[in-house]
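Colleague: Hi, could you walk me through this model? I'd like to go over the sheet, the core and the helix packing.

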Amino acid sequence: MDRRIRDQLNEEYRLQRERNAAEEQRRREEIRTSAPRVWTLITQRQDMIERFCRQALADGAFQPSEAALREANAAIRDALVQAGYPETYLEPVFRCEKCRDTGIMGDTVRQECDCWRRRAFELANTVGQRDESFERFDENVFPETVPKGRTITQREEMRRLRAYCEAYANRYPEQRPRDMLLYGASGLGKSYLLHCVARRLQERGFQAELISAYDVIRVMRDAYFGREDDTQRLYDADVLLIDDLGMEPMMENITIEQLFQLVNVRRSRELPMVFSTNLDTEEIRQRYTERLASRLFDRTLCQVIRVVGEDIRQKSHSALREQ
Ligand SMILES: [Zn+2]
């Protein structure tokens, strides 16, 4: 496998595991504050485990009571359900059951997980060889359920988002605001839409450069170290579309500076940019500093759109691609 793809996959999976851990922490905190009965049972179980450990240390022959632990776990599950939560609410969170978001399956025979291979394949089929277009975009692959905190279904939301993106590409250079940033979890169709926008612009005869954030940094680093200067297309393209912001390697004093400079130069020349990212706004602030984040989120210059819903990539990737 290409090293760049492997690096990017490692970074994506690491980020996913970080996100899982944060979600587990958030759920525990939620239970602690809003389901006190469950929390009491958890504290009692913790006390019991500590008691077992102390006894085992004092008396080497002591056996912890598995029956008592099982009972305590069952009581916690029941209390969760009674409080209106799924009984698995406090179990480890992960997107892929098979590899628990490590990308690797199996203990004795270790092999790459299917999710890892699928994503590697996707990354290997880069821009230019793919055939995403608004004509082939099929919102029917998105579920007709209403995502948490929203009032319309994910499918309707995608229909509107698609319409917005298509209008953006059709209206260029008159579209306002000039820039667009799509953020939300992976597998919601953001990259697909970026490809559609790039293709439509190209069909209209404009120079639209679609490039992953990973490659943006690679191109800039090559120029910086005098290897090869291919940065002109980043600075001069009519529209620059940066996919997967947040997946580029973070090198101190380099990555942020270079992105900052790119954004500033293009803004000063009134050349549009489109971004997609799996990071949420808080993660963007943390990763890129307030200085760059406030540039990206400047709503007078950039339409910031949050994409929500269920990951459709695993079940219907083929439908998106081959329909
Ligand atoms: Zn997996």
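This is a predicted model: local features need pLDDT of at least 70, side-chain atom pairs count only at pLDDT 80 or more; totals for chains, interfaces and linings use all residues.

Colleague: Thanks! What is the order of the strands in the open sheet?

Modeller: The order is 4-5-6-3-7, 5 strands with parallel pairing. Strands (E, at least two residues) and helices (H or I, at least four) are DSSP runs numbered from the N terminus, and two strands pair if DSSP finds at least two bridges between them.

Colleague: Which strands stand at the edges?

Modeller: Strand 4 (208–212) and strand 7 (302–306); each has a single partner strand, so one side of each lacks a neighbour in the sheet. From one strand to the next, the twist averages 10°.

Colleague: And is strand 4 buried or exposed?

Modeller: Buried: 5 of its 5 residues are, so strand 4 is largely enclosed by the rest of the structure. Ala208, Leu210 and Ser212 are buried on one side, Glu209 and Ile211 on the other. Buried means 20 or more other C-beta atoms within 10 Å of the residue's own, with C-beta atoms placed from the backbone; 12 or fewer is exposed, and in between is partly exposed.

Colleague: What does strand 4 pair with?

Modeller: Strand 5 (residues 239–245), in the parallel sense over 5 bridges. Isoleucine 211 has isoleucine 242 as its bridge partner there.

Colleague: Switching to the core: which residues have the most contacts inside the largest one?

Modeller: Leu193, Val197, Leu241, Ile242 and Val274, in a nonpolar core of 44 residues. Helix 6 (residues 190–203) gives the largest share, 7 residues. Such a core is a set of buried Ala, Val, Leu, Ile, Met, Phe, Trp, Tyr and Cys residues joined through C-beta atoms within 7 Å.

Colleague: Last one: how do helix 9 and helix 10 cross?

Modeller: The axes of helix 9 (residues 255–268) and helix 10 (residues 281–296) come within 10 Å and cross at roughly 20°. Axes are lines fitted to C-alpha atoms, for helices over the stretch in contact, and angles run from 0 to 180 degrees between N-to-C directions.

Notes: Residues are numbered from 1 along each chain as its sequence is written.
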